[in-house]
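Please find below my notes on the model you passed along.

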Amino acid sequence: MRLFVLVLGLCVAVRAFGAEADSANDDVAAVQMAIASYVNAFNTADAKALANHWTEKGEFILPGGKTLRGREELEAQFTADFAEPPQAKLELLETNIEIVSPSVAVETGVAKVTVADNQPTETDYRVIHVKTAEGWKIDRVQEAVSVAAA
């Protein structure tokens, strides 16, 4: 009887672990979709769509230390940035996503921005994504000059 309870307990634990792994895989896929949507919004210069990827009070810390806070400020900055031709293109490199809890994911990588005939600029970045009723949203981004580019 004791062996049966032990085996049954082990089966339940393995099944629960499998469900957690499936959930984490689903979350990674959902975050990847949100990232792809963000890059698309950037590359089509859609400031409103770009800002809507953020939480209401999201923070964007730029390489120089300036911090943009909240969707309104982010949208205003994106609108100003996109108003100046030529349009920039964003490419994310070395992207890594880690699900740290059921509602928090951390993304790291290198953001490469290319503007017309200029040399691309690269920054290392870290993003905190949070799961909301609207899906995965960006709560905080911090960028720093890329070590590889420096």
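The points below start with confidence and then turn to side-chain packing.

1. This is a predicted model. The protein chain has a mean pLDDT of 88, with 84% of its residues at 70 or more.

2. Strand 1 (residues 54–61) has the highest mean pLDDT, 98, whereas helix 1 (residues 2–43) has the lowest, 72. Over residues 3–14 pLDDT stays under 50, and the model shows zero contacts beyond four places in sequence for that stretch.

3. The largest nonpolar core has 20 residues, and those touching the most other members are Y38, L50, W54, F60 and F78. At least two core residues come from each of helix 1, helix 2 (47–51), strand 1, helix 3, strand 3 (88–101), strand 5 (121–132) and strand 6 (135–145). Helix 1 gives the most, four residues.

4. A separate core of five residues lies apart from this one; V31, I35, A105 and W136 are among its members.

5. Once neighbours within four places in sequence are set aside, L50 is in contact with Y38, A41, F42, F78 and F82.

6. Two aromatic pairs are present in the structure. In the pair formed by F42 and F82, the ring centres are 5.4 Å apart and the planes meet at 80°, so the arrangement is edge-to-face, the cut-off being over 60 degrees. F42 belongs to helix 1 and F82 to helix 3 (residues 70–83), so this pair ties together parts 40 residues apart in sequence. F42 has 15% relative accessibility and therefore counts as buried, the limit being under 20%.

How values were computed: Residues are numbered from 1 along each chain as its sequence is written. Side-chain values use heavy atoms; hydrogens and water are left out. pLDDT is the predictor's confidence in each residue, from 0 to 100. Contact means heavy atoms within 4.5 Å. Rings of Phe, Tyr and Trp (its six-membered ring) pair if their centres lie within 6.5 Å; planes under 30 degrees apart count as stacked, over 60 as edge-to-face and the rest as tilted. Buried means under 20% relative accessible area, exposed over 50%, partly exposed in between (1.4 Å probe, protein chains only). A nonpolar core is a set of buried Ala, Val, Leu, Ile, Met, Phe, Trp, Tyr and Cys residues joined through side-chain atoms within 4.5 Å.
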